[in-house]
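Here is a briefing on one protein model. Please look over the sequence and the structure first.

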Amino acid sequence: MILVLHGPNLNMLGRREPEVYGTLTFEELEEHLEAWGSELGVSVVSRQSNHEGSLVEWIQRASDDGFRGIVLNPGALTHYSYSLLDAIRSQPLPVVEVHLSNIYAREPFRAHSVTAAAAAGVISGLGILGYRYALEYLLQRH
Ligand code: DQA
């Protein structure tokens with residue numbers, strides 16, 4: 001089982017700044033995740049929250065809940081959440097950080113990820129394909 005976590009505002013995909021994030025909705029992203037999971041032979045559980053603490057608690061519990069890896073798009077928390085950084089460090093699973101947009105090609109504040117230091121790796125700017133590649137990485141790593 002792989003856990004895919006989506007942070008603040010990602011539930012607004014499709015309606016939110018379509019020129020940056022595209023027109024695919026969050027529900028459609030979740031359908032892709034499920035389809036890719038079936039194709040790759042792994043259950044993918046997708047959860048979204050606008051609350052930092054919920055994301056922290058899901059990360060803390062992921063190993064005990066039976067997940068083998070985490071794909072995380074922390075949204076704007078990427079750029080300032082030391083709680084998420086510590087949560088990633090406090091648990092044993094590999095975390096792949098994914099961003100739909102290229103965070104290095106946007107406003108300067110987005111070019112720094114606080115959470116990346118604890119991630120196995122980061123994929124940024126490849127749209128929803130970034131999630132697919134992250135799933136493949138986590139499966140091949142084991
Ligand atoms: C994002 C990039 C962040 O800077 C932004 O705050 C988001 C989405 C992305 O997927 O490109 O909410 O993580």
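**Briefing: cores, helices and loops**

L135 touches I2, V4, L33, W36, L40, V44 and V71, leaving out residues up to four places away in sequence. Touching, or contact, means heavy atoms within 4.5 Å. The model is predicted: local features need pLDDT of at least 70, side-chain atom pairs count only at pLDDT 80 or more, and totals for chains, interfaces and linings use all residues. Residues are numbered from 1 along each chain as its sequence is written, and side-chain values use heavy atoms, with hydrogens and water left out.

**Confidence**

- pLDDT is the predictor's confidence in each residue, from 0 to 100.
- The protein averages a pLDDT of 97, and 99% of the residues score at least 70.
- Confidence is lowest in helix α1 (residues 18-21), at a mean of 91. It is highest in strand β3 (residues 69-73), at 99.
- Helices (H or I, at least four residues) and strands (E, at least two) are DSSP runs, numbered from the N terminus.

**Nonpolar cores**

- A nonpolar core is a set of buried Ala, Val, Leu, Ile, Met, Phe, Trp, Tyr and Cys residues joined through side-chain atoms within 4.5 Å.
- Buried means under 20% relative accessible area, exposed means over 50%, and partly exposed lies in between (1.4 Å probe, protein chains only).
- The largest nonpolar core has 21 residues. Those with the most contacts inside it are L33, V71, Y131 and L135.
- β1 (2-6), α2 (26-40), β4 and α5 each supply at least two residues of this core.
- α5 gives the most to this core, with 5 residues.

**R132 in α5**

- R132 sits in helix α5 (residues 129-141).
- R132 counts as buried, because its relative accessibility is 14%.
- R132 is in contact with W36, E39 and L40, leaving aside its neighbours within four places in sequence.

- Which residues of helix α4 (residues 82-89) are buried? They are L84, L85, A87 and I88.
- These residues lie on the same side of α4, because they cover an arc of only 165° around the axis. The arc is that of the directions from the helix axis to the C-beta atoms.
- The face of α4 turned away from its buried side carries the exposed residues Y82 and R89.
- The cover over the buried residues of α4 includes α3 (52-61), β3 and β4 (95-99).
- The axes of α3 and α4 come within 9 Å and cross at roughly 5°. Axes are lines fitted to C-alpha atoms, for helices over the stretch in contact, and angles run from 0 to 180 degrees between N-to-C directions.
- α3 and α4 are therefore roughly parallel to each other. Roughly parallel means an angle under 35 degrees.
- E52, L55, V56 and I59 of α3 make the contact with S83, L84, A87 and I88 of α4.
- Y82 of helix α4 counts as exposed, at 56% relative accessibility.
- Y82 and E52 are 30 residues apart in sequence and 10 Å apart in space, C-alpha to C-alpha.

**Positive phi in a loop**

- N9 lies in the loop between β1 and α1. N9 is not a glycine, yet has a positive phi of about 75°.
- N9 counts as partly exposed, at 39% relative accessibility.
- E17 lies in the loop between β1 and α1. Phi of E17 is near 35°, a positive value in a residue other than glycine.
- E17 is partly exposed, with a relative accessible area of 35%.

Terms used
Angles under 35 degrees count as roughly parallel, over 145 as roughly antiparallel, 65 to 115 as roughly perpendicular and the rest as oblique.
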